[in-house]
Amino acid sequence: MITEPTYTVPFLYDILQHKSAPVTAPVSLDVPGSKSITNRALLLATLADGTSRLQGVLFSDDSRHFLKCIQELGFETRVDEAGRTISVRGLGGRVPLTEASQYVGSAGTAARFLTAYLGLSQGVYHMDASEQMRRRPMAPLLNSLKELGCEVVYGPEGTEGHFPEGHFPFTLKAHGFRKDTICVNIDSSSQFLSALLIVSCLCGSDFTTCVEGTHGMSYIKMTLKMMEQFGVQAKRVDEHTFLTRAGQHYQAMDYRIEPDVSAACYFYAMSPLLNIPVTVNHVHFDSMQFSAQRRRNTLLEVNSGVMQYNYYCI
């Protein structure tokens with residue numbers, strides 16, 4: 001029998017509490033933006049009327065694919081990766097190009113959000129993705145789009161034959177909204193619902209979205225909040241129904257993307273361990289990230305005296 005060595009890890013908080021060492025200089029820092037908020041902000045900026053400036057952008061594989069896709073649709077952008085900013089000139093819901101090819105890589109948010117947007121616009125859009133994304137579910141969203149009037153042709157652009165339905169690649173032949181109500185199942189992804197809610201204001205009449213399932217509803221709260229920040233409200237009528245009133249439009253704005261709370265917590269944890277004040281810029285108590293409140297409470301229980309927040313009000 002092999003005996004594994006056992007190591008004792010000291011609990012530094014107790015040790016530091018009983019030492020009279022002076023507090024060192026405060027630490028103030030920025031952490032990368034939230035991926036979920038970055039990708040939603042990119043879509044909302046394209047739907048807005050005018051130029052939006054997104055600050056605190058997370059430049060990840062997902063967001064780079066999303067950005068490249070909207071650029072290839074003809075949207076004007078200005079990108080400052082070092083400064084973590086992107087400016088997008090939105091056209092009030094109109095897509096500049098009426099035919100384009102889109103490759104979303106493995107970015108699930110880009111895959112679902114752009115599919116909904118393009119599928120309910122006017123034009124022909126050839127959609128493809130990485131092998132990984134080709135295996136992920138798309139059927140609930142595509143079925144909803146077909147019911148709303150979009151034609152979906154499965155298979156790579158320019159090929160013939162039988163291809164599995166409900167997955168990339170496919171071509172969207174979009175004709176706008178042919179109905180003003182839809183139901184979508186979100187058991188496999190809440191992004192299907194988020195995507196339809198965000199583009200629902202492009203319908204010419206009041207639009208009703210019904211939902212089956214409860215997966216990822218915390219992300220739906222984030223979607224609704226960000227829609228409201230950009231000027232459109234989708235009201236939750238009951239547990240399974242959302243209503244978007246006609247006549248609403250997204251407004252261009254300067255928008256600060258929240259830092260990723262998970263990343264911020266590593267630095268907050270340094271505070272009681274090292275007995276130093278730590279500020280993570282632009283984190284605020286009413287964060288849209290569903291885990292923020294729980295993590296904040298945990299850290300406050302550890303040592304509320306040295307934990308600091310720097311507020312940013314949108």
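T85 is buried, with a relative accessible area of 12%. That falls below the cut-off, since buried here means under 20%. Keep in mind that this is a predicted model.

Where does T85 sit? It lies in strand β4, which covers residues 85-91. And which residues does T85 touch, once those up to four places away in sequence are set aside? There are two runs to look for. R53, L54, Q55, V57 and F59 are among them. R78, V79 and D80 are in contact with T85 as well.

Now step back to the whole chain. The protein has 314 residues, and 50% of them count as buried. DSSP runs give 10 helices and 15 strands. Take the contacts between residues at least 6 apart in sequence: 77% of those join residues at least 24 apart.

Next, a sheet. Four strands make it up, in the order β9-β10-β12-β11. The sheet is open, and its pairing is mixed. Which strands stand at the edges? They are β9, residues 181-185, and β11, residues 234-238. Each has a single partner strand, so one side of each is left without a neighbour in the sheet. From one strand to the next, the twist averages 25°.

Look at the pairing of β10 with β12.

Zoom in on C210. This cysteine is found in β10, residues 207-212. Across in β12, T241 stands opposite C210. Is C210 buried or exposed? C210 is buried, at a relative accessible area of 19%. The cut-off for buried is under 20%. Now find C183. It is 27 residues from C210 along the chain, yet their C-alpha atoms are separated by 4.4 Å. Beyond its neighbours within four places in sequence, C210 is in contact with I182, C183 and V184, and also with H240 and T241.

Helix α6, residues 139-148, lies across β9 and β10. It runs at about 165° to β9. Helix α7, residues 191-199, lies across β9, β10, β11 and β12. Its angle to β9 is about 160°.

On to a helix pair. Helix α2 is residues 35-47, and helix α3 is residues 61-72. They pack at an angle of about 10°, with axes 10 Å apart. Angles under 35 degrees count as roughly parallel. So α2 and α3 are roughly parallel to each other. Which residues meet? From α2, we have K35, T38, N39, L42, L43 and T46. From α3, we have D62, S63, F66, L67 and I70. By class, this contact has 5 nonpolar, 4 polar and 2 charged residues.

Last stop, helix α4. How many of its residues are buried? The count is 12 of 12, so to speak of this helix is to speak of a mostly covered one. The buried residues include R112, along with F113, L114, Y117 and L118. G108 and G119 are also on that list.

That's the tour. Questions, please.

Notes:
Residues are numbered from 1 along each chain as its sequence is written. This is a predicted model: local features need pLDDT of at least 70, side-chain atom pairs count only at pLDDT 80 or more; totals for chains, interfaces and linings use all residues. Side-chain values use heavy atoms; hydrogens and water are left out. Buried means under 20% relative accessible area, exposed over 50%, partly exposed in between (1.4 Å probe, protein chains only). Helices (H or I, at least four residues) and strands (E, at least two) are DSSP runs, numbered from the N terminus. Contact means heavy atoms within 4.5 Å. Two strands pair if DSSP finds at least two bridges between them. Axes are lines fitted to C-alpha atoms, for helices over the stretch in contact, and angles run from 0 to 180 degrees between N-to-C directions. Angles under 35 degrees count as roughly parallel, over 145 as roughly antiparallel, 65 to 115 as roughly perpendicular and the rest as oblique. Ala, Val, Leu, Ile, Met, Phe, Trp, Tyr, Cys and Pro count as nonpolar, Asp, Glu, Lys and Arg as charged, and the others, Gly among them, as polar.
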